[in-house]
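Here are my notes on the model you sent over. Have it open next to you as you go through the points.

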Amino acid sequence: MMLTELTAVPGAALPVAELRDHLRMGSGFALPEGQEALLESHLRAAMAAIEGRIAKALVRRRFRWVVACWRDPAEVALPLAPVAEIHGVTLVDAADGVVLLPAARWRLVADAHRPRLAGRDGALPAVPAEGRAEVEFDAGFGAAWADVPADLRQAVLLLAAEFYEHRHDDGSSGAGLPPAVGALIERWRQVRILGGGRR
């Protein structure tokens, strides 16, 4: 399985001003050269770390998911939530022959934690031997930072501030998320019982 981000979060959607206020940098003067880019990089890193922990995309963007087979012929869980739209499902054979499946063959089963791709006639079309399936979809709470739930926004700011304040750390301070960040994201983490059921 491989998940690729096809479109990045635009810089305009990042809460650079909020992080600046959080760090008490003030807003009545320009930041030193390179400082804004540094804040943006810390925000992107914090978002990536939190998205990885909760399997949720915060700001909406497009992804491509590639699998060698369906784990369940009827439906498979998509690797990220929330999924706003599936743009296409493609089957690629061993010789790189491509078949774009019509939308009448599949559907999105919306779910806050485990959105799924399901076959409309009871089964998904089989993936060719030694081939792959590619699914392109949009995932995220919305296109704007304000669309992200408040507790996740706060977690990103706290973690980005932590990255900024320890940017010269040699790595000896320990790994893992700060407790406050962990507490904020806990309810968003997906709990799997008995292996999570269908996958």
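**Notes on the sheets and cores**

1. Let's start with E1 and E2: the two strands run antiparallel and are joined by four bridges. If you want a residue pair to look at, Met2 has Val66 as its bridge partner in E2. Bear in mind throughout that this is a predicted model.

2. Strand E2 covers residues 61-67, and five of its seven residues are buried, so I'd call the strand mostly covered, where buried means under 20% relative accessible area. On to its pairing with strand E8 (residues 132-139): seven bridges join the two, again antiparallel. Arg62 stands opposite Asp138 in E8.

3. Zooming out, these strands belong to an open sheet of five, ordered E1-E2-E8-E4-E5, with antiparallel pairing. Which strands stand at the edges? They are strand E1 (2-5) and strand E5 (98-100); each has a single partner strand, so one side of each has no neighbour in the sheet. From one strand to the next, the twist averages 25°.

4. At the E5 end, strand E4 (residues 83-92) and E5 run antiparallel and are joined by three bridges. Here the pair to find is Leu91 and its bridge partner in E5, Val99.

5. Trp106 has Gly119 as its bridge partner in E7.

6. Now for the inside. The largest nonpolar core has 28 residues, and Leu19, Leu43, Met47, Ile50 and Val156 touch the most other members. Helices H1 (16-22), H2 (35-54), H3 (150-165) and H4 (179-185) are the elements that give two or more residues to this core. H3 supplies the largest share, eight residues.

7. What does Leu43 touch, not counting residues up to four places away in sequence? Its contacts are Leu14, Pro15, Val16, Leu19, Val156, Leu157 and Ala160.

Technical notes
Residues are numbered from 1 along each chain as its sequence is written. This is a predicted model: local features need pLDDT of at least 70, side-chain atom pairs count only at pLDDT 80 or more; totals for chains, interfaces and linings use all residues. Side-chain values use heavy atoms; hydrogens and water are left out. Two strands pair if DSSP finds at least two bridges between them. A nonpolar core is a set of buried Ala, Val, Leu, Ile, Met, Phe, Trp, Tyr and Cys residues joined through side-chain atoms within 4.5 Å. Buried means under 20% relative accessible area, exposed over 50%, partly exposed in between (1.4 Å probe, protein chains only). Contact means heavy atoms within 4.5 Å. Axes are lines fitted to C-alpha atoms, for helices over the stretch in contact, and angles run from 0 to 180 degrees between N-to-C directions.
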